[in-house]
Amino acid sequence: MSGPSGAGGVLLVPGAGGSRDHCTLVALERALAPLPVRRLAYPDRGPPRAERLVPFIQEQAASMCAEESVEPGRLVLGGRSMGGRVCSMAVAGGLAAAGLLLLSYPLHPPRRPDRLRVAHFGQIDVPCLFVGGDRDPFGSPAEFAAHTPAIGGGATHVWLPGCGHDTRRSHNDAVTAAVSGWLAGLG
C-alpha cells in the first residue's frame, strides 16, 4: 500500500517518558491515512536508552516493511524526542529509510548545550523534518540552524511559536499539516 508521496509507510516512536498513544502520534496516524502508520511501544527491558534501542528500531522497521509490503527505502522513521533520536541513529548506522520525522528532537539536555547529540548527523543521508517548539530547552532554532547542515539529505525546520518541548493537543493541527506537507514533497 502506498500513500500520496514517496513514502510507503511511517514508523513512529514515542519519547522516553511517553507512550505509543501520545496525542501527537495518534493524530499523525489519523491524518496520514491511508498510509500505513505504526506507533511503537518500547520493549519492557528497563528504562529506554537510545543506544540500546537502535537494534529494536531495526527489527521493528524490518517487521513493518514485511507485514505492510513496504520497500525499506520508502519507510519514513521518526518520533518524539528520544524516539526520533533513536531512529536518526539507526538511519545513520545504515538502516534504509525514505526520510526522518523528528518531533521535539533533543539536541542536548536542558541547560547542557555542551552535551550535543549530533555526532551522527554527518552520516544521515536522507531528508529530515524537524518540528519543535521555538522555546524548547532541548535546543533552540539557532542551535538547530548551526548543527543540522551536517545532514547530507537536508533538513527542514518547522517551529511552533511559544511552544516548549512538549506538544499539546492544541499543536496537533500544526504538526500534522507540517508532516503531511513534507511527506507530499518526498520523491
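The lining of the largest pocket is made up of 8 nonpolar, 7 polar and 8 charged residues. Here Ala, Val, Leu, Ile, Met, Phe, Trp, Tyr, Cys and Pro count as nonpolar, Asp, Glu, Lys and Arg as charged, and the others, Gly among them, as polar. The model is predicted: local features need pLDDT of at least 70 and side-chain atom pairs count only at pLDDT 80 or more, while totals for chains, interfaces and linings use all residues. Residues are numbered from 1 along each chain as its sequence is written, and side-chain values use heavy atoms, with hydrogens and water left out.

The volume of this largest pocket is about 400 Å³. Among its 23 lining residues, Ala16, Ser81, Met82, Pro106 and Arg117 are the closest to the centre. Helices α2 and α3 each give at least two residues to the lining.

On a 1 Å grid over the protein atoms alone, a cavity is a set of points where a 1.4 Å probe fits but cannot get out, whereas a pocket is an open set with protein on both sides within 12 Å along at least five of seven lines; lining residues have an atom within 4 Å of a point. Grid points are joined across faces, edges and corners, and a volume is the space filled by probe spheres set on the points.

How many cavities of 30 Å³ or more does a search of the whole structure find? There is 1, and the largest cavity holds about 50 Å³ of space. Its lining includes Leu102, Phe130, Val131 and Trp159, and strand β5 gives the largest share, 4 residues. By class, the lining of this cavity has 6 nonpolar, 4 polar and 1 charged residues.

Buried means under 20% relative accessible area, exposed over 50% and partly exposed in between (1.4 Å probe, protein chains only). Contact means heavy atoms within 4.5 Å.

| Residue | Loop | Relative accessible area |
|---|---|---|
| Ser81 | between β3 and α3 | 11% |
| Pro106 | between β4 and β5 | 3% |

Both Ser81 and Pro106 are buried. Leaving aside neighbours up to four places away in sequence, Ser81 touches Gly15, Leu103, Ser104, Pro106 and His165. With neighbours within four places likewise set aside, Pro106 is in contact with Ser81, Met82, Arg85, Arg117 and Phe138.

Next come the strands and the helix. Helices (H or I, at least four residues) and strands (E, at least two) are DSSP runs, numbered from the N terminus. Two strands pair if DSSP finds at least two bridges between them. Strand β3 (residues 75–80) runs parallel to β4, joined by 5 bridges. Between them the chain passes through helix α3 (residues 82–92) in a right-handed β-α-β crossover (with the strands pointing away from the viewer, the path from the first strand over the helix to the second runs clockwise). On β4, Leu103 stands opposite Arg80, and Leu103 also stands opposite Val131 in β5.

Which way do the residues of β4 point? Gly99, Leu101 and Leu103 point one way, Leu100 and Leu102 the other, and all are buried. In a regular strand the side chains alternate between the two faces of the sheet.

Helix α3 has 11 of its 11 residues buried, so it is largely enclosed by the rest of the structure. Its buried residues pack against β1 (9–13), α2 (50–68), β3 and β4.
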